[in-house]
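Welcome, and thanks for taking a look at this one with me. Please have the sequence and the 3D view open side by side as you read.

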Amino acid sequence: MRSQQIGVTVINPGNVGTPEVLADLAANHLSGGEAIPLTDLLRIIDCILSLSRATCIKEIDVPAMLGEGA
């Protein structure tokens with residue numbers, strides 16, 4: 001979609017702090033011990049949308065600080 005200056009960004013979040021993820025973390029069913037606040041992901045999306053069409057962000061990895069891949 002480059003010819004139309006429409007970018008696509010893939011966001012790869014770690015454990016996002018949904019009620020299900022928080023319950024799994026509390027029960028030790030997930031590794032990492034920490035969840036990413038949903039507000040953090042919303043801020044990332046707001047940032048991407050606020051950029052000019054001259055910028056193309058292809059992919060963003062967002063692991064929890066204490067999770068794998070950080």
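The numbered points below walk through a few places to look at.

1. A word before we start: this is a predicted model. Please read every value below with that in mind.

2. Let's begin with the core. The largest nonpolar core is made of seven residues, namely Val16, Ile36, Leu41, Ile48, Ile60, Val62 and Ala64. Two elements, helix α2 and strand β2 (59-62), each contribute at least two residues to this core.

3. Next, find Gly17, which sits in the loop that runs between β1 (10-13) and α1 (19-26). Its relative accessibility is 30%, so Gly17 counts as partly exposed. Leaving aside residues up to four places away in sequence, Gly17 touches Leu22, Ala35 and Ile36. You have already met Ile36 as a member of the largest nonpolar core.

4. Now move to helix α2, which spans residues 38-50 and includes Ile45. Is Ile45 buried, partly exposed or exposed? With a relative accessible area of 36%, Ile45 is partly exposed. A pairing to trace on screen is Ile45 with Ile11: they are 34 residues apart in sequence, and 8.9 Å lies between their C-alpha atoms.

5. In general, side chains of opposite charge can pair when their charged atoms come close. How many salt bridges does the structure hold? There is one, and it joins Asp40 to Arg43, with 3.8 Å between the closest N and O atoms. The two residues are three apart in helix α2, so about one helical turn separates Asp40 from Arg43.

6. Finally, turn to the empty space. Rolling a probe the size of a water molecule over the atoms shows where such space is left. The largest pocket has a volume of about 470 Å³. Which residues lie nearest its centre? They are Gln5, Ile6, Gly7, Thr55 and Cys56, out of 17 residues that line the largest pocket. Sorted by class, this lining has nine nonpolar residues, five polar ones and three charged ones.

Terms used
Residues are numbered from 1 along each chain as its sequence is written. This is a predicted model: local features need pLDDT of at least 70, side-chain atom pairs count only at pLDDT 80 or more; totals for chains, interfaces and linings use all residues. Side-chain values use heavy atoms; hydrogens and water are left out. Helices (H or I, at least four residues) and strands (E, at least two) are DSSP runs, numbered from the N terminus. Buried means under 20% relative accessible area, exposed over 50%, partly exposed in between (1.4 Å probe, protein chains only). Contact means heavy atoms within 4.5 Å. On a 1 Å grid over the protein atoms alone, a cavity is a set of points where a 1.4 Å probe fits but cannot get out, and a pocket is an open set with protein on both sides within 12 Å along at least five of seven lines; lining residues have an atom within 4 Å of a point. Grid points are joined across faces, edges and corners, and a volume is the space filled by probe spheres set on the points. Ala, Val, Leu, Ile, Met, Phe, Trp, Tyr, Cys and Pro count as nonpolar, Asp, Glu, Lys and Arg as charged, and the others, Gly among them, as polar. A nonpolar core is a set of buried Ala, Val, Leu, Ile, Met, Phe, Trp, Tyr and Cys residues joined through side-chain atoms within 4.5 Å. A salt bridge is a side-chain nitrogen of Lys or Arg within 4 Å of a carboxyl oxygen of Asp or Glu.
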